[in-house]
Amino acid sequence: MAQSRIGIMGGSFNPIHRRHLQIAEHALRELYLDRVVFIPNGNPPHKQHQLVAPAHRYAMTQLAILPYENFTISDIEITRSGVIYTVDTLKLLRTLYPDGEFICLIGEDTLYDLPHWRQPLEVFSLCSFAVCKRDSKGLEAHPSLAELRAKGANINFLSLAPRTISATDIRKRLQAGEPVDTLLTPEVHEYIRIAGLYGCPALPGTDVGSFSNLQNRLSDDRLLHSMAVARTAAHLAAVHALPVDQCELAGLLHDCAKCMDIDSLRQIAISHHLKLTDVELQSNGLLHGPVGAVIAKEVFGIEDPIVLNAIAVHTTGYAGMSDIEMVVFLADKIEPYRNHIPDLDEIRQLAETDLYKATYEMLLHSKAYLTRIHRPLHPDTDTTIQWMRKRIQ
């Protein structure tokens, strides 16, 4: 039986950032790996400073790898007690993947530390190493490299261009309220906001418990989308001087009813006497918004009518919609994982400068898209488009 080539991406992930994902994605292709397993450290013998709880680092890593089919996560270290050493982890992995060939993905700083690992010779017998360079030139000629190879270490270098991203710098930026969009994926940033990690102010109305509740209600894809919508809504709110917390919270919970079946949605709508048309009562796409507002209030404890209204109308909008409602409507359509709408990049750019024109253009595109795929339109779609046209004129 052919061996399965498995990349091992271990680290504190405090927090996991885009460079981690870039390295793993590059290694997957360049080394012809079958998968990359991310292993958050439990209690490593180093990097204890500002290390948040393992459960948080596991949750962030789990969110970050959702978009990647060949990335998986293991809790093999965070569920063990005592100080965790790589040699013990590799032995356990060998029992889990008896036919696996392990390639540990490391940075050049870790490369120089290999001789100081516990039982390094046994580690070298259990895995090979793929090194991602940071800044060094001529690293392949470094004397310590020859010494490691002489001891049995199988070491190769990834062709990925050197780049340094510091988790310490990210934590400082978060605490100072500085932008981190180029460093963190939206779902990781949003989790940090929900949990209030690294000095980042927590999003009012949420906590880890409400996140778990939302996670249990949604598919992985829908959870990823919701986290991205929350970050996009927060960004648009900041750009257009609108209340960030309200926009972000509505974005986070806007699809809290999306994965419910149509019968359950209809039952809630009828029992709460929601004023809906027959067309709306027959469509999950139209019904999950107003029912989502009910769920947000009764299950997640949201009382703010502004947030609840934005959730209720996020799919369709309406004539007379508020700026906050426009932000959530737009964020749902333009979040970074969306890619099926024509001219989406142009609308994203427009949203940075003109909220009303961007909303109008998105209404037109949404109508065209739903018509093309034969999904029902809200009865007031044309009225909303006409109202927005007059407003921008």
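Modeller: Buried means under 20% relative accessible area, exposed over 50%, and partly exposed in between, with a 1.4 Å probe and protein chains only. This is a predicted model, in which local features need pLDDT of at least 70 and side-chain atom pairs count only at pLDDT 80 or more, while totals for chains, interfaces and linings use all residues. Residues are numbered from 1 along each chain as its sequence is written, and side-chain values use heavy atoms, with hydrogens and water left out.

Colleague: Does His 56 count as buried or exposed?

Modeller: His 56 is found in helix 2; helices (H or I, at least four residues) and strands (E, at least two) are DSSP runs numbered from the N terminus. Its relative accessibility is 17%, and His 56 therefore counts as buried.

Colleague: With which side chain does that of His 56 make a polar contact?

Modeller: A polar contact is a pair of N or O atoms within 3.5 Å; within protein, one must be able to donate a hydrogen and the other to accept it, and residues adjacent in sequence count only if both atoms are side-chain atoms. Contact in general means heavy atoms within 4.5 Å. Leaving aside neighbours within four places in sequence, His 56 has contacts that include Ala 195, Leu 197 and Val 208. The polar contact, at 2.8 Å, is with the side chain of Tyr 191.

Colleague: What is the relative accessible area of Thr 61?

Modeller: Thr 61 is found in helix 2, residues 54–64. Apart from neighbours within four places in sequence, Thr 61 is in contact with Phe 13, Ile 16, Phe 38, Pro 40 and Ile 73. Thr 61 is buried because its relative accessible area is 0%.

Colleague: How many bridges join strand 1 to strand 2?

Modeller: Two strands pair if DSSP finds at least two bridges between them. Strand 1 and strand 2 (residues 35–40) run parallel, with Gly 7 opposite Val 36 and Gly 11 opposite Pro 40. The number of bridges joining them is six.

Colleague: Which residue in strand 4 stands opposite Arg 5?

Modeller: Strand 1 (residues 4–11) pairs with strand 4 (residues 100–107) in the parallel sense, over five bridges. In strand 4, the residue opposite Arg 5 is Glu 101.

Colleague: How far apart are the end C-alpha atoms of helix 18?

Modeller: The expected span of a helix is 1.5 Å times one less than its number of residues. Helix 18 (residues 355–372) has 18 residues and should therefore span 26 Å; in agreement, its end C-alpha atoms are separated by 26 Å.

Colleague: Which residue caps the N-terminal end of helix 18?

Modeller: The buried residues of helix 18, among them Tyr 360, Leu 363 and Leu 370, pack against helix 16 (323–334), helix 17 (344–351) and helix 19 (381–392). After helix 18 comes His 374, with a positive phi near 65 degrees. At the N-terminal end, a side-chain oxygen lies 3.2 Å from the backbone nitrogen of Tyr 356, and the capping residue is Asp 354.

Colleague: What separation do the C-alpha atoms of Pro 243 and Ile 324 have?

Modeller: Pro 243 is found in the loop between helix 10 (220–239) and helix 11 (244–253), and its relative accessibility of 37% makes it partly exposed. Not counting residues up to four places away in sequence, Pro 243 touches Ala 237 and Ile 324. Pro 243 and Ile 324 are 81 residues apart along the chain, and their C-alpha atoms are separated by 7.9 Å.

Colleague: How many disulfides does the count come to?

Modeller: A disulfide is a pair of cysteine sulfur atoms within 2.5 Å. The sulfur of Cys 127 is 3.6 Å from its closest cysteine sulfur, that of Cys 104, which is too far for a bond. Cys 256 is in no disulfide either, as its nearest cysteine sulfur, in Cys 259, is 10 Å away. The count of disulfides comes to zero.
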